[in-house]
Amino acid sequence: MSRRAEKRGYAHSVLALWIWGIFVWVLLTWTATFSQVTFGIGFALAAALACASLGPVARPWIFLCPQNAMNAFMLLGSALWRIVRANVSLARRVWLPSRPLRSGIVIVPTQMTADGGLTAVGLVTSIIVDNQLMDIDRGTNELQYHAVSVNSRDAIENYRKINGPIERRMKGLIR
């Protein structure tokens, strides 16, 4: 890679990290005073400069493409629906202790191979209380989950229930 291409890649990483940093700052502080926003912009820039050399960064402007924005919206809606459904199910399980508890460990295949994709799948599927990611086997492309309720030992069926729907929504977003 030429020196010029390296500089351009670094500049894109700084810009992407800076935008993500500002977004996170606004979400964390939820304050819009001039001094708060100014400090957040400066802090985000310092963090971006410090972290840009660590590797490639997901560019926030991918959401300007309507298809990517729709994929992100559908992923958010799907994840929120699954979170609510799992929490209601867990509450029923707590309130009605007579329901059988079939917790266990399941191993499911994954279609994701990139670090960002595996991280995103692990995070999104783990905020849904039914399943918690325990381990990733990069050699066999498998994820190991602790599941609250195991109805099947079939890996493909569990993939369809646990991480398959999330991975389908992420396909257009993760490169």
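Q: Which helices each supply at least two residues of the lining of the second largest pocket?
A: They are α3 (66-95) and α5 (155-161). Helices here are DSSP runs of H or I with at least four residues, strands are runs of E with at least two, and both are numbered from the N terminus. This is a predicted model, where local features need pLDDT of at least 70, side-chain atom pairs count only at pLDDT 80 or more, and totals for chains, interfaces and linings use all residues. Residues are numbered from 1 along each chain as its sequence is written, and side-chain values use heavy atoms, with hydrogens and water left out.

Q: What is the volume of the second largest pocket?
A: Start with the general idea. Rolling a probe the size of a water molecule over the atoms shows where empty space is left. A pocket is an open set of points on a 1 Å grid over the protein atoms alone, where a 1.4 Å probe fits, with protein on both sides within 12 Å along at least five of seven lines. Grid points are joined across faces, edges and corners, and a volume is the space filled by probe spheres set on the points. In this case the volume is about 340 Å³.

Q: How many residues line the second largest pocket, and which lie nearest its centre?
A: A lining residue has an atom within 4 Å of a point. The second largest pocket has 18 of them, and D130, N131, S149, N151 and K161 lie nearest its centre. The largest share, 6 residues, comes from α3.

Q: Where is D130?
A: D130 sits in the loop between α4 and β2. Its C-alpha atom is 5.8 Å from that of A147, which is 17 residues away along the chain. D130 counts as partly exposed, because its relative accessibility is 27%. The cut-offs are under 20% relative accessible area for buried, over 50% for exposed, and partly exposed in between (1.4 Å probe, protein chains only).

Q: How many aromatic pairs does a search of the whole structure find?
A: A pair of aromatic rings is described by the distance of the centres and the angle of the planes. Rings of Phe, Tyr and Trp (its six-membered ring) pair if their centres lie within 6.5 Å; planes under 30 degrees apart are stacked, over 60 edge-to-face, and the rest tilted. The search finds 5 pairs. W20 and F63 form an edge-to-face pair, 6.4 Å centre to centre with 90° between the planes. W20 is in helix α1 (residues 3-29) and F63 in the loop between α2 (34-51) and α3, so the pair ties together parts 43 residues apart in sequence. W20 is partly exposed at 28%, and F63 is partly exposed at 34%. W25 and F43 form a tilted pair, 5.8 Å centre to centre with 45° between the planes.

Q: Which residues do ring pairs link into a cluster?
A: The cluster holds W20, F23 and F63.

Q: Which residue forms a salt bridge with D115?
A: A salt bridge is a side-chain nitrogen of Lys or Arg within 4 Å of a carboxyl oxygen of Asp or Glu. A search of the whole structure finds 1. D115 pairs with R138, and the closest N and O atoms are 2.5 Å apart. D115 lies in helix α4 (residues 115-126), and R138 in the loop between β2 (131-137) and β3 (142-147).

Q: How many disulfides does a search of the whole structure find?
A: A disulfide is a covalent bond between the sulfur atoms of two cysteines. The test is a pair of cysteine sulfur atoms within 2.5 Å. The search finds 0.
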